[in-house]
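Today I will talk about aromatic rings and how they pair. Please have a look at the structure first.

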Amino acid sequence: MLNNKFIFITGGNRGIGRGLVQNLSKNNNVIFSVRKKEKGEQVIKALSRPNLDYIIMDIDNKDSIRDAISIISSKYESIDILFNNAGILIPEYHLAAIETSERSILKTFQTNTLGPLRICKAIIPLMKNGGRIINISSGMGQLDEMEGGSTAYRLSKTALNALTKILSVELKNFKIKVNTICPGWVQTDMGGINAELSVREATEIIVKFSLAEEFPNGKFFKQGEEIPW
Ligand SMILES: NC(=O)c1ccc[n+]([C@@H]2O[C@H](COP(=O)([O-])OP(=O)(O)OC[C@H]3O[C@@H](n4cnc5c(N)ncnc54)[C@H](OP(=O)(O)O)[C@@H]3O)[C@@H](O)[C@H]2O)c1
């Protein structure tokens, strides 16, 4: 397992992101993003680890990303691993595609697809020794088993999966590898209390995959197993 790496995680204050922060900061240097200062302070206080830092950033907003990255690059020499974790789900499970508003689709794309692209654009120049990018996507974006409902979310995650593939090809020469992960159905604000996996269980699987000595490129994984796109 890799250790002592510099890891950046978006959306680290709750849910899967918070679980990743807690687990990864045991043996690595972790910087996580939050939208509100007090949420960052809460995590820092609760975990009380010297190798933990946070930054205020809204992934929908280019200026916010620019300000955050300028602070990160002044404090840290390089970033080794990026988790594009922050995401939204507008609850439209039973709404047909033809009933889904363009507003909903564009809002979800803004965060779930363009957000990770903006973060990659900002973080890749800091991956001076090569790196790993893990896009937290969803089985709901998997073309192979696509179903109805939640159109905005499904489209945004399918597009994120495509972005993973594109980047995995384009970044090969920079020794940066890019993969997509579906964490499974997880007990968070987004997943709800009836979900199959606790945050701890889900993040343990993601951490094991992300820090393994061997790291694939341009693949889609669900709970540690490669799945079709
Ligand atoms: N839970 C599941 O069952 C499940 C299944 C498949 C995939 N996923 C994916 O896993 C990832 C994490 O999900 P989760 O269940 O942990 O969700 P969550 O509990 O709802 O947490 C979402 C996180 O994303 C942050 N966020 C949302 N919009 C943001 C923005 N514009 N800028 C910066 N941060 C933003 C939130 O910050 P605030 O606290 O400020 O809102 C929060 O930290 C998502 O990409 C999700 O699509 C989850």
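Phe209, Phe215 and Phe221 are joined into a cluster by ring pairs. The model is predicted, so to be clear on the rules: local features need pLDDT of at least 70, side-chain atom pairs count only at pLDDT 80 or more, and totals for chains, interfaces and linings use all residues. Residues are numbered from 1 along each chain as its sequence is written, and side-chain values use heavy atoms, with hydrogens and water left out.

A pair of aromatic rings is described by the distance of the centres and the angle of the planes. Rings of Phe, Tyr and Trp (its six-membered ring) pair if their centres lie within 6.5 Å; planes under 30 degrees apart are stacked, over 60 edge-to-face, and the rest tilted. Searching the whole structure gives five aromatic pairs.

In one of them, the centres of Phe209 and Phe221 are 4.5 Å apart and the planes are at 45°, so this pair is tilted. Phe209 sits in helix H6 (residues 199–211) and Phe221 in strand S7 (residues 220–222), twelve residues apart. Helices (H or I, at least four residues) and strands (E, at least two) are DSSP runs, numbered from the N terminus. Both Phe209 and Phe221 are buried. Buried means under 20% relative accessible area, exposed over 50%, and partly exposed in between (1.4 Å probe, protein chains only).

How are the rings of Phe220 and Trp229 arranged? Their centres are 5.2 Å apart with planes at 25°, so they are stacked. Phe220 is buried, at 0% relative accessible area, whereas Trp229 is partly exposed, at 27%.
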